[in-house]
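Here is a quick briefing to read alongside the model. Have the sequence and the 3D view open as you go.

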Amino acid sequence: MLANIIKICLPLSLMAVMFTQGLELKLSELLAIFKERPLVMLRSLVVVLALVPIAALAIILLFKPSPGIVIGLAILAASPAPPFQLRNIHKKVGSIVYLHALHLSLALLSIITVPVVLYLLAEALGFQAEVRVFEVGKTVGQALLLPVVVGMVFAAVFPKVADRIGPTLGKIAEIALYVMVVLVLIKTSSLLLKMDAWSYVVMTIFIIVNFGLGHVLGPRDAQERTTLAMESGARNFGLAMTIGVLNFSAERALAVLIPYIILFAVISTLYLKWRAKQTATA
């Protein structure tokens, strides 16, 4: 019963979140920043879409976590455009224009990058038999790309309505997604108790390395550097859960996702506090 609820409601809650994000995104911002700073945007996309998966592969091969952790990290590495970044980053020390352009680019490219990256990681790590590229692409298109595009079109046609309903709808959608996270936690609680300390170490290393990639290779502007670090450090856990639920068994994929969210929350808070102090000092 609980599994069926998660399978139905998790994709719907993620779609609602991405739709509300689409209400905030403008194609004109994306085109403008690519025209003005193409190399910066290209480098940013390479960090999030290519270097993070490569780092995941290297960490998995070097530290050799359990098979469930391997699949979970692979799904996370392939899942960009974290659902709550638009609200979280710019409230602190992130750059809103750069964030919008980067986030929109990642969402639009995800229909191609997510299934391709996951397939390549599966081939390299030996669980390729479980990856159905078309099904993963279909999941991404329905849960991520389509609602973002619909939200953008809606905002362009009905801008006043979008401004009025966007914040309230966004909060409702976020609450729904958090409820789904709790349900997944309930379903996988027995698996969490079986997770060994080494798995937590590997996940922590993965998150820190991702933050480091974004920070070191980010733009010169301090706020944009922080933004890229957050985009590369965070992964789209809603999308990752949806892919895990619809394409893998809970035992093989979902156990890593809840601990990852907790670890990311701690590490990202420490990173943002450090960056806020650096920005204030500068």
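This is a predicted model: local features need pLDDT of at least 70, side-chain atom pairs count only at pLDDT 80 or more; totals for chains, interfaces and linings use all residues.

A salt bridge here is a side-chain nitrogen of Lys or Arg within 4 Å of a carboxyl oxygen of Asp or Glu. Residues are numbered from 1 along each chain as its sequence is written, and side-chain values use heavy atoms, with hydrogens and water left out.

**The salt bridge**

- Side chains of opposite charge can pair when their charged atoms come close.
- Which side chains meet in the salt bridge? They are those of Glu 224 and Arg 37, at 2.6 Å, N to O.
- This pair ties together distant parts of the chain, 187 residues apart: Glu 224 sits in helix α11 (residues 222-233), and Arg 37 in the loop between α2 (27-36) and α3 (38-63).
- Helices in this briefing are DSSP runs (H or I, at least four residues), numbered from the N terminus.
- For accessibility, buried means under 20% relative accessible area, exposed means over 50%, and partly exposed is in between (1.4 Å probe, protein chains only).
- Glu 224 is buried, with a relative accessible area of 8%, while Arg 37 is partly exposed at 26%.

- Pro 219 is in the loop between α10 (197-217) and α11, and its relative accessible area of 2% makes it buried.
- A contact means heavy atoms within 4.5 Å.
- Leaving out residues up to four places away in sequence, Pro 219 touches Arg 37, Val 40, Arg 43, Tyr 98, Glu 224, Arg 225 and Leu 228.
- Take Val 40 from that list: Pro 219 and Val 40 are 179 residues apart in sequence, yet their C-alpha atoms are 6.6 Å apart in space.

**The second largest pocket**

- Rolling a probe the size of a water molecule over the atoms shows where empty space is left.
- A pocket is found on a 1 Å grid over the protein atoms alone: it is an open set of points where a 1.4 Å probe fits, with protein on both sides within 12 Å along at least five of seven lines, and lining residues have an atom within 4 Å of a point.
- Grid points are joined across faces, edges and corners, and a volume is the space filled by probe spheres set on the points.
- The second largest pocket holds about 240 Å³ of space.
- Its lining has 15 residues, with Leu 23, Glu 24, Lys 26, Ala 155 and Asp 163 nearest the centre.
- Three helices, α1 (2-24), α7 (133-157) and α8 (159-187), each supply at least two lining residues.
- Which of the helices gives the largest share of the lining? That is α8, with five residues.
- By class, the lining has nine nonpolar residues (from Ala, Val, Leu, Ile, Met, Phe, Trp, Tyr, Cys and Pro), four charged ones (from Asp, Glu, Lys and Arg) and two polar ones (from the others, Gly among them).

- Ser 105 lies in helix α6 (residues 96-125) and counts as buried at 4% relative accessibility.
- A polar atom of the Ser 105 side chain is 2.7 Å from the backbone oxygen of Ala 101.
- Beyond four places in sequence, Ser 105 touches Leu 30, Phe 34, Met 41 and Leu 45.
- Gly 233 is in helix α11 and is buried, with a relative accessible area of 0%.
- Not counting residues up to four places away in sequence, Gly 233 touches Asn 210, Phe 211, Tyr 260 and Phe 264.

**Positive phi in two loops**

- Lys 64, in the loop between α3 and α4 (67-77), has a phi near 50°, a positive value in a residue other than glycine.
- Ala 81, in the loop between α4 and α5 (85-88), has a positive phi too, near 60°.
- Are these residues buried or exposed? Lys 64 counts as exposed at 62% relative accessibility, whereas Ala 81 is buried at 0%.

**A covered helix**

- Helix α12 (residues 237-247) is mostly covered, with ten of its eleven residues buried.
- Among the buried residues of α12 are Phe 237, Met 241, Thr 242 and Asn 247.

Methods. A polar contact is a pair of N or O atoms within 3.5 Å; within protein, one must be able to donate a hydrogen and the other to accept it, and residues adjacent in sequence count only if both atoms are side-chain atoms.
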